[in-house]
Structure formats: structure tokens, C-alpha cells
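Hi everyone, thanks for making time for this. I'd like to walk you through one structure, so please bring it up on your screens and follow along.

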Amino acid sequence: MQNKTETIIEKVVTELGFTLVSTDIKRKKISKKRKFGDKNRISFEKIIEVVVDHSFIYNPELDEYTKNKISFADCNMLTKHIKASLNIEDMYNDGYSLHISSPGIERPLITLDDFRNHTGKKVKIVLYKPWQDKTKYIA
């Protein structure tokens with residue numbers, strides 16, 4: 001079901017002119033207290049986290065790729081369209097929470113296009129294992 005959800009979300013996001021950075025579906029444990037000393041009831045809430053960005057546009061005058069920032073209105077519009085598409089597919093009868101956000105300044109570079117669009121820009125690289133006795137590089 002997660003792959004189908006991601007496919008639906010990616011289709012909506014790209015049709016609206018945005019780039020899908022990542023999708024994560026989580027289950028959050030919720031404990032609901034009952035009255036009069038009964039045992040707590042445990043349930044799970046599904047949370048769908050979607051990170052989007054504007055697509056890069058090549059600006060020949062500056063000879064670089066540029067993009068606009070994601071606004072609250074963009075997130076609101078995406079929420080409405082994604083929820084409508086998920087509800088049409090009737091995938092989450094027991095409910096879900098949908099969180100839309102932008103990647104922010106510390107956006108991870110994931111796809112080949114991400115690396116192409118950031119060519120020539122300053123990056124900070126943090127390694128899990130040291131290379132040449134260092135784990136952090138800025139270039």
C-alpha cells in the first residue's frame with residue numbers, strides 16, 4: 001500500500017508543478033485513557049509526511065538554476081489535492097494525518113537532478129567513517 005500511496009502523491013505533486021523530495025508513512029502509537037480504572041486502549045495513527053520543493057528553472061541570464069520558495073498557500077493547496085486523490089482511492093478508511101513541508105536549507109541531495117542543480121555551490125559533507133582522518137568536509 002505504501003508504494004501505491006507514493007505513486008498517487010508523486011502524480012499529484014508533479015501535475016501541480018512541484019518536485020517530490022520524499023514521502024514517509026509512519027504509524028504513531030496512541031494510548032487513550034478510559035474512565036474508572038479500565039486499561040488504556042492502544043491504537044495507531046497513520047501519518048503521511050510529504051516533502052516537496054519547486055522545480056528548478058534554468059535562468060540563462062544568470063547561467064544558473066533558480067526556484068521559488070514553498071509558501072504556506074502551496075502546502076495548503078497540495079494538502080487539498082493529495083487528500084482528495086487518496087480519498088478517491090479509498091485507501092485509508094481508518095484515517096490518517098497528512099503533513100506537507102518543504103525541505104528547508106539543509107535539504108539532502110537525493111536524486112541525480114539534485115546534484116546537477118547544485119553543481120558549483122558550496123556543500124557540507126559529513127561522513128560516517130573518516131576519510132583521510134576527517135569526517136567533515138566543506139567544499
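Let's begin with the face of α2 that is turned away from its buried side: it carries the exposed residues F72, A73, K80 and I88. By exposed I am using a cut-off of over 50% relative accessible area, while buried is under 20% and partly exposed is in between, with a 1.4 Å probe and protein chains only. Before going further, please keep in mind that this is a predicted model, so local features need pLDDT of at least 70 and side-chain atom pairs count only at pLDDT 80 or more, whereas totals for chains, interfaces and linings use all residues. Residues are numbered from 1 along each chain as its sequence is written, and side-chain values use heavy atoms, with hydrogens and water left out.

Which residues of α2 are buried? They are D74, C75, L78, I82 and L86. These residues cover an arc of only 90° around the axis, so they sit on the same side of α2; the arc is taken from the directions from the helix axis to the C-beta atoms. There is a simple reason to expect such patterns: an α-helix has 3.6 residues a turn, so residues three or four places apart point the same way.

As for its dimensions, α2 covers residues 72-89, has 18 residues and reaches 26 Å from its first C-alpha to its last, close to the 26 Å expected at 1.5 Å a residue. That expected span is 1.5 Å times one less than the number of residues. After α2 comes D90, with a positive phi near 55°.

**The whole chain**

Stepping back, the chain has three helices and seven strands. Here, helices (H or I, at least four residues) and strands (E, at least two) are DSSP runs, numbered from the N terminus. In order from the N terminus, the elements run α-β-β-β-β-α-β-α-β-β. Of the 139 residues, 25% count as buried. The accessible surface is about 10800 Å², and 52% of that belongs to carbon and sulfur atoms; these areas come from the Shrake-Rupley method with a 1.4 Å probe, and for residues only the protein chains shown count as cover. If we take the contacts with a separation of 6 or more, residues 24 or more positions apart account for 50% of them, where contact means heavy atoms within 4.5 Å.

**Into the core**

What does the largest nonpolar core hold? It has 20 residues, and those with the most contacts inside it are V13, I48, V50, V52, I82, L86 and I100. A nonpolar core here is a set of buried Ala, Val, Leu, Ile, Met, Phe, Trp, Tyr and Cys residues joined through side-chain atoms within 4.5 Å. The elements giving two or more residues to this core are α1, β1, β2 (41-54), α2 and β5 (97-101). In soluble globular proteins, nonpolar side chains tend to be buried together.

Please click on L86. Leaving aside neighbours within four places in sequence, L86 is in contact with T5, I8, I48, M91, Y92 and Y96. T5 itself is in helix α1 (residues 2-15) and counts as buried, at 0% relative accessibility. With the neighbours within four places again left out, T5 contacts I25, I48, L86, M91 and Y92.

Now over to T23, in strand β1. T23 is buried, at 16% relative accessible area, and touches E6, I9, I48 and E49, not counting residues up to four places away. D24 is also in β1, residues 18-32, but D24 is partly exposed at 33%. Beyond its neighbours within four places, D24 contacts I47, I48 and E49.

**A loop to finish**

Last stop: the loop between β6 (124-131) and β7 (134-138), where Q132 lies. Phi of Q132 is positive, near 55°, in a residue other than glycine, and Q132 is exposed at 59% relative accessible area. D133 is found in this loop too; its phi is also positive, about 65°, although D133 is not a glycine. At 78% relative accessibility, D133 counts as exposed.
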